[in-house]
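Subject: Structure handover

Hello,

Here is the structure I promised to pass on.

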Amino acid sequence: MIETMILQPAVALMIWTMIMWAWMYATRIPAMSKAPEIEAPSKLVGTTGSELRSKLPEKVNWKADNYNHLHEQPTLFYAVVIVLAISGHGDGEHALLAWIYTGLRVTHSLIQVTANKVMVRFVLFALSSLVLIALIFHATMVVFGYLE
């Protein structure tokens with residue numbers, strides 16, 4: 001039986017990722033328009049994000065960095081959530097761990113895009129990684145028949 005409770009924090013993290021997408025563009029487009037060394041954004045051809053980075057304020061780049069981060073490790077989170085949901089183990093402690101992971105990632109985002117304190121970010125990332133490891137361990141136990 002599919003257990004969908006664990007899908008709620010996954011969808012919440014997807015929503016948060018799109019909020020970060022909007023926040024990134026809400027700050028990046030005006031910054032591009034104000035940067036004297038960038039020609040009109042509508043006339044840019046072939047420019048990459050890395051080329052723009054040096055021309056934009058770091059506080060603007062932090063949003064883009066975080067948006068990219070939300071497409072890295074969380075992909076494992078989405079996969080493990082689906083495995084636990086379809087195996088009937090998407091409730092209880094697994095759903096709680098998924099909510100904790102989502103909360104830690106949102107908090108990590110807020111720190112990165114505002115103060116960007118590296119040690120605080122590191123601790124949040126490390127904690128979220130440990131939660132993800134626990135979810136992957138539980139999924140391993142389920143898939144290989146050690147947890148019914």
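Below is what I found, taken by topic. Keep in mind that this is a predicted model.

**How α4 and α5 pack**

Helix α4 covers residues 74–86. Helix α5 covers residues 92–113. Their axes come within 11 Å and cross at roughly 165°. Angles over 145 degrees count as roughly antiparallel, so α4 is roughly antiparallel to α5. The crossing of α4 past α5 is left-handed. On the α4 side, the contact is made by Pro-74, Phe-77, Val-81 and Leu-84. On the α5 side, His-94, Ala-98, Tyr-101, Thr-102 and Arg-105 take part.

**The aromatic cluster**

Phe-77 and Tyr-78 are both buried.

Phe-77 also pairs with Tyr-101. Here the rings are stacked, at 4.5 Å centre to centre and 20° between the planes. Phe-77 lies in α4 and Tyr-101 in α5, so the pair ties together parts that are 24 residues apart in sequence. Phe-77 has a relative accessible area of 0% and is buried. Tyr-101 is buried too, with a relative accessible area of 0%. Phe-77, Tyr-78 and Tyr-101 together form one aromatic cluster.

**His-94**

Is His-94 buried or exposed? Its relative accessibility is 6%. Buried means under 20%, so His-94 counts as buried.

Which side chain makes a polar contact with the side chain of His-94? The partner is His-138, and the contact is 2.7 Å. Beyond its neighbours within four places in sequence, His-94 is in contact with Ile-6, Leu-84, His-89, Leu-135, His-138 and Leu-147.

**In short**

Two places to start when you look: the stacked pair of Phe-77 and Tyr-101, and the polar contact between the side chains of His-94 and His-138.

Best wishes

Note on methods. Residues numbered from 1 in each chain as written. Predicted model: local features only at pLDDT ≥ 70, side-chain atom pairs only at ≥ 80, totals over all residues. Heavy atoms only, no water. Helix = DSSP H or I, 4+ residues; strand = E, 2+ residues; numbered from the N terminus. Buried < 20%, exposed > 50% of the residue type's maximum accessible area, 1.4 Å probe, protein only. Polar contact = N/O pair within 3.5 Å; in protein donor to acceptor, adjacent residues only side chain to side chain. Contact = heavy atoms within 4.5 Å. Phe/Tyr/Trp six-rings, centres within 6.5 Å; stacked < 30°, edge-to-face > 60°. Axes fitted to C-alpha atoms, helices over the stretch in contact; angles between N-to-C directions. Parallel < 35°, antiparallel > 145°, perpendicular 65-115°, else oblique. Left-handed = near helix turned anticlockwise from the far one by under 90°.
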